[in-house]
Amino acid sequence: MTQDLYRVTSLLPRITDRIQQNSDDLKALLTSAACEIQGILDVDLVQISRWAADGSREIVAESHGNHGSVLSPSARHLEEIEVLSGEYGRRVSHALATSTERSISSAEEQRSLVLPLSLLDREWGSMRIESQGNRNLSPVIQQLLPMLVDLIAIAIERCELRGTVRQQTRHVRAIGRIGSILRLSDNDPRSLQRVLEETISAVGGIGGRLYLQTEANAERSAQLYVWGEQPTDPQLEANPNWQAWISAGKTCEFFRTKPDDGDRKASAKESRQPNIICGCRNIPFPFIVADFHPGTLPQPLTQVFASTAIRSIATISLDGGERCAGYLSVFRSSTSSPQSAVAPQRSQFSHGSDVPQEEDTLSWSAADLRFVQSASLYVYLGWLSGQVQFALDYQASHDILTRLPNRKQFELQLDRALRRTRRDPSVLAVAILDLNGFKRVNYTLGHAVGDRLLLDVTQRLQAQLPSFSCLARWGDDRFIFLLDRSSIEELTRIVQSVLTAFSHPFCLDDREIYITASLGVAIAPTDGNTAAALLKNAEIALSQAKQSRQNSYQFYASDMKRLALAQLVLETDLRKASVRNEFWLDYQPQIDLTTGQIVGMEALIRWHHPTLGVLHPDRFISLAEETGSISEIGEWVLQTACLQQRSWMQSGILPVRVAVNLSARQLQPDLVSKIAKILHDTRMNPRDLELEITESVAVQNLDLTVGILQDFQAMGVTVALDDFGTGYSCLSAVEQLPLNVIKIDRSLVANAPQNSRVAAIAKTILALGRGLNLLVLAEGVETPEQLEFLKSIHCDLVQGNFFSSALSGDRALEFLRNGSVFMGIEKVKLT
């Protein structure tokens, strides 16, 4: 008894010292404690084990005596019974040789004492003390053992607590680093790679994957970052088996409750089930954790991981509740339990499930998973921030309607292209395209229809341009694109194909809309070696193209800059011309080819420029339309022409119609009321006014045009369709228009006598007019041959310099007083 008391007295301080020495290393702490207990108590085995994640016992530390080798193998099956220690209320199991004693070959007897190691919140494991033969533990030692177990439990608690604190500290520091990386990175790919590495290292992983799905706007493809050990399928996230496995995960509780001793048979069965956790409680995002036991994964996925060191995986969805941005997966490997130097003795003294597993996956603690969750949340927030920034950058660099790059983005692309051409010589061209008459579509049909027209134009341009061309929206009705080609000829073919795309009408709301385009092209480096120079010269070329004719293109030429400067000066002077009274009207007679009588006078505006002299309409009308001054000029023309017609009548001349051309910008819903007011103010009979619109203007907005022209005819005003045969000649549109006169364009009249094809066209127009019960007027008659041809096809009316050039109001009055000016084919001149 005295000896036992001495041993007890010395045991507790020694174990306490050992615990203090090994307080940070749980395995070393428990191993030293087991050695002290085995040596002091002189027993054959002291074994400390803990409950593993799957419900089995995992041996942590043990110490053997000198008698373990003589134990019979049948002793491993000794029955355990539980005895309750009354003083401490602990379960104590004695393995007694009762029913199995007769099966032991010798008179050996093994005694086993099992004491649970209970921490504050759970049953951690147990300490087993075994001895054989007749050696019994004295009452003093038996009273000491519960205190010894408490001391070891406290040591375990403190060690785990310090380990938890260290782990949390590591996690906090890792999260801080991850936050700093993402905060300063702007979602740079290298930064996301560093985040993945930090996450894997912080939880002791051997590899992992960060997969970000394709963005909704499809501007950027899916991104994949990998580190460390990887499955054999490089496209794992796209694998249908992987997606099906992820989708099939079922919700279960994250925290497992340790089974009581009475439920250990059931728990052993449960422990063989795959450890899969999805949608974990306390973890709000979709989460899947799996330790790879047989049957955990579908066979195709098992093959993906079979040849790797990966034996456990945690996958979390990067999901903020609205959409899944991707997945973060962390892989862990298998670990081999340390082999004791006395492995044979261990097997002799091991009972039931206390056999260490040769291979055991690292379990995922709640702290590990919470850290992975936090890391994934940072990644998701970084991704979301990147999405917001990308959307802002996209809006700043793209046109919202067409989704094309805007001016700023195009200029950046142009700068890069210019730098590239310096290294790799090629023909780089900048082309600016302007839609002729687009503003009129907005004014007449509304901006919603105009927007849809722009979208259709964008699609046509994209279909004509090479895929690598940078097409951008340059303004309201302008587009710009880059062409990088090997020759001027190839550039020209592309430009021509772009303009050809506008030869067909655009169909909007069952309405056909014709719209033409003009193109200006500048080529680097001959037309400029900087973005600013190329853009300026392309604008100049565009201006020249618009002045020449619609649906045409111009390459920049050196003298265009001089012309552009002159055009700028002309625009400035045009704004002052009305104030300075620099406009006047001339009048050209219209002759009835059958009677030779003057039946009308077409009013033609002239501009007496202070330095350039007399300018005809082709020099300034398009400029007036661009600047918006055409409406004011048009009203002045109408007012002046009506006053002149009244003046002729007051001079005793029989009434003749005066014809006035309408600009596209004038064709607005309020035009009818404006003309009605002018007729009222000038006291002119509406039957003496003829209003002319061009074919291209008429088909722009057919519904609006038809309505306005119907109002004109209801007033008694004559309506003429000018320049017929030079545009798209939409016969269905002409059939709908309320017209009185069709005018054959001067280009057809000039070529008809010597060109049978042109003559056929002129005859067709005349037949069309007759079929629609319309008068047909041929303009631009210059020669007797042209007149003879028109007589041969029985044209109704003619106009041109063959009869008279445009005359001032006073000279036109004198011309009218002469009466009949045409007899046969002889021209009667003024005297």
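Trainee: What is Trp648 in contact with, leaving aside its neighbours within four places in sequence?
Mentor: Tyr587, Met601, Ile653, Val656, Gly809, Ala812, Leu813 and Leu816. Contact means heavy atoms within 4.5 Å. This is a predicted model, where local features need pLDDT of at least 70, side-chain atom pairs count only at pLDDT 80 or more, and totals for chains, interfaces and linings use all residues. Residues are numbered from 1 along each chain as its sequence is written, and side-chain values use heavy atoms, without hydrogens and water.

Trainee: Which residues have the most contacts inside the largest nonpolar core?
Mentor: Trp648, Leu689, Leu691, Phe712 and Leu790, in a core of 82 residues. Such a core is a set of buried Ala, Val, Leu, Ile, Met, Phe, Trp, Tyr and Cys residues joined through side-chain atoms within 4.5 Å. Helix α17 (residues 630-650) gives the most to this core, with 7 residues. Helices are DSSP runs of H or I, at least four residues, numbered from the N terminus.

Trainee: Why is Ser629 called buried?
Mentor: Buried means under 20% relative accessible area, with a 1.4 Å probe and protein chains only. Ser629 has 14%, so Ser629 is buried. Ser629 lies in the loop between α16 (617-627) and α17.

Trainee: What makes the pair Ser629 and Thr627 a polar contact?
Mentor: The definition asks for N or O atoms within 3.5 Å, one able to donate a hydrogen and the other to accept it; residues adjacent in sequence count only if both atoms are side-chain atoms. The side chains of Ser629 and Thr627 are joined at 3.1 Å, so the pair qualifies.

Terms used
Buried < 20%, exposed > 50% of the residue type's maximum accessible area, 1.4 Å probe, protein only. Helix = DSSP H or I, 4+ residues; strand = E, 2+ residues; numbered from the N terminus.
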